[in-house]
Amino acid sequence: MLKIQNLHARVEDKPILKGVTLDVPAGEVHAIMGPNGAGKSTLSYVLTGRDGYEVTEGAATLNGEDLLALEPNERAAKGLFLSFQYPLEIPGVPALTFIRTALNAQRRARGEDEIAAPAFLKLAKEKAAALKIDFEMLKRGLNVGFSGGEKKRMEIFQMSMLSPKFLILDETDSGLDIDALKIVSEGVNALRSPERGMLVITHYQRLLDYIKPDKVHVLAAGRIVASGGPELALQLEAEGYDRIVGAAA
Amino acid sequence: MTLSTALKTGDLSALPSRRDEDWRWTDLRGLLKVLPPASPQGRAWFWENPLSGTLDMTGGVVNGRGPTDLAVDAGEERFVGWRFMSATDATAHGAELWVDVGEGAKLTLIESYEGRGTGYVSDVAVNIRLGKDAIVERIIFADDDADAISVVTADVALAPGAKFAQTVLTSGARRQRIETRVRHPGAHAEVRLDGAYLLDAQRHADLTSVVTHGGLDGVTSQLTKGMVTDQARGVFQGRIVVEKGADQTDARMGHHALILSDKAEIDAKPELLIFADDVSCAHGNTIGALDDEVLFYAEQRGIPEAEAKAMLTVAFVCEVIERIGHEGARDAAAAWVVRKLGSEA
């Protein structure tokens, strides 16, 4: 599924990733934890192709395809989805229009037929009901005036509509209270499947009580400094980053 | 100093130039070194406007030839299309339209500028008179040729209690100016002057307006939005004059534009000239680019960059479209914007 090898990247002249190697097979959920400034968000932007994040060395493939050679929208069409830490508001573009445009663009890129409007609406109604999203909200400007929790739920809704192969969740727990965290986590867990991989990026262990990872990696100063099972997250929570990062350095 | 005078007299020195303050961004004298020959008779063609089947009547003007008068009697209601067609290459023509809307009458006017020829010069002078309590909504679809020079000048006079609303939709021309001058009597009359320009390649559009408030209690609301890309140039000049004694005037003007390329240009000059006391006037003018973060968000969901830009531009100008009162015209205007941007959003 997702293979990252010796990935180096910089933003402007500043090296941020300094040799990240990671392998997330299909069906597994891996968590990346790390202190602020470790390069967690940079990793998600480099994988999805954001402008300004320059890869200087290394490789990243999804199911054997070179991600780094593709435009961001082409990576999305290959099945890569990034749930943003701060989802954007788009006034004037209703959520349904946005998602239908995205879905059809992905289908065109894959050589598939576009989805017809009635089939799209039926699918949207089913998925919205499952996530307890008021369908009327989907007719308003995407995320405009939504609370933090509503925005994250809208990200999960988009995921379930686009059914990507690989999910990157960037600090999905930030700005969520416990109730919202539960709803969002249930939505993510519903998307777990033997064919799908996930990378869960988080600063706190709390999210991993709800989305149980198969593996946990610690990213510090642009490198993976420790890897282990779910118990590593608990150890981090108990001992703090300094000890583990310090021991690895 | 008008194109109309130059066309009538053949005197190029009558053309407005950059030395004329109100024309400094839309220089015609520097561009037209030789006047093209007068346009021959031309033939009309099928109108692709989706509203064409629903109109009460249509006036067709080809190469400056056609009907010149439109009257709506007191108390009547009309939905009218008026087409100005430029049919031949590299020739020049002028036309006039006189619109008289009687007391309490209502007119929705769909005015279209359609270029089939290339490199033509077209000048159209429109006069609109609204009787007491009359209502006019004028919607302009300007689809000129990329090499054309096109000027449309409207003089609008309102009687007390009348309402005039206008929306200009334009994709520009080699040089194009759509100017509206409104004589506002106050006296509970209301004016709305809106516009949307979407310009690519080397197209130029100039939306100029002058609203003169001459009496108590007048309302004017203006909203223009535009997008320029490639090497296009958008010009917005909005002037609101509140004459002495025109107290309790309420006037608002907004112009907001997107620049999507380094070589595109916007020139904006909003002006409020206030000689009365106790008025409420405001203007806002913003020019910017699309938000990179929003663009990346859309691309990350699978929308190609060009399509994402079109979608966000449609969203940007839709505020202008939503202010159109006539439902069918509003839908046609929305469809026009989507077609121009090649977006399905």
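1. In chain B, Arg239(B) has Glu271(B) of β16(B) as its bridge partner. Strand β14 (residues 233–242) and β16(B) run parallel and are joined by 10 bridges. Two strands are taken to pair if DSSP finds at least two bridges between them. Helices (H or I, at least four residues) and strands (E, at least two) are DSSP runs, numbered from the N terminus.

2. The structure is a predicted model, in which local features need pLDDT of at least 70 and side-chain atom pairs count only at pLDDT 80 or more, while totals for chains, interfaces and linings use all residues. Residues are numbered from 1 along each chain as its sequence is written, and chains are lettered from A and ligands numbered from 1 in the order in which they are written.

3. The sheet that holds β14 and β16 of chain B is open and consists of 8 strands in the order β2-β4-β6-β8-β10-β12-β14-β16, with parallel pairing. Its edges are β2 (69–72) and β16 (265–274) of chain B; each has a single partner strand, so one side of each is left without a neighbour in the sheet. On average, neighbouring strands of this sheet are turned by 5° against each other, direction ignored. For such angles, axes are lines fitted to C-alpha atoms, for helices over the stretch in contact, and angles run from 0 to 180 degrees between N-to-C directions. As background, strands of a sheet pair through backbone hydrogen bonds, either parallel or antiparallel.

4. Chain B contains 4 helices and 17 strands. Its radius of gyration is 20 Å, in agreement with the value near 20 Å for a compact globule of 345 residues; this radius is taken over C-alpha atoms, and the globule rule is 2.2 Å times the number of residues to the power 0.38. The C-alpha trace of chain B spans about 55 × 50 × 45 Å along its principal axes. Of the 345 residues in chain B, 48% are buried. A residue is buried if 20 or more other C-beta atoms lie within 10 Å of its own, exposed if 12 or fewer, and partly exposed in between, with C-beta atoms placed from the backbone. Of the contacts in chain B between residues at least 6 apart in sequence, 80% join residues at least 24 apart; a contact requires C-beta atoms, placed from the backbone, to lie within 7 Å.

5. Chain A has 9 helices and 12 strands. For its 249 residues, a compact globule would have a radius of gyration near 18 Å, and the 18 Å of chain A agrees. The box filled by its C-alpha atoms is roughly 55 × 40 × 35 Å, taken along the principal axes. In chain A, 43% of the residues count as buried.

6. Between the chains, 22 residues of chain A are in contact with 17 residues of chain B. On the side of chain A that touches chain B, α2 (72–77), β7 (90–94), α3 and α5 of chain A each supply at least two residues. The largest share of that side, 6 residues, comes from α3(A).

7. How many residues of α3(A) are buried? The count is 11 of its 15 residues, and the helix is mostly covered. These buried residues include Phe98(A), Ile99(A), Arg100(A) and Leu103(A). They pack against α2, β7, α4, β8 (141–142) and α5 of chain A together with α3 (305–322) of chain B. From first C-alpha to last, α3(A) reaches 21 Å, close to the 21 Å expected at 1.5 Å a residue; the expected span is 1.5 Å times one less than the number of residues in the helix. Just after α3(A), Gly111(A) takes a positive phi of about 75°.

8. In α4(A), the buried residues are Ala124(A), Lys127(A) and Ala128(A). They cover an arc of only 100° around the axis, which puts them on the same side of α4(A); the arc is that of the directions from the helix axis to the C-beta atoms. Pro118(A), Ala119(A), Lys122(A), Glu126(A) and Ala129(A) are exposed on the other side of α4(A). The buried residues of α4(A) pack against α3 (95–109) and α5 (148–162) of chain A.

9. Ala221(A) is partly exposed, with 17 other C-beta atoms within 10 Å. Asn63(B) is buried, with 25 other C-beta atoms within 10 Å.

Notes:
Two residues are in contact if their C-beta atoms, placed from the backbone, lie within 7 Å.
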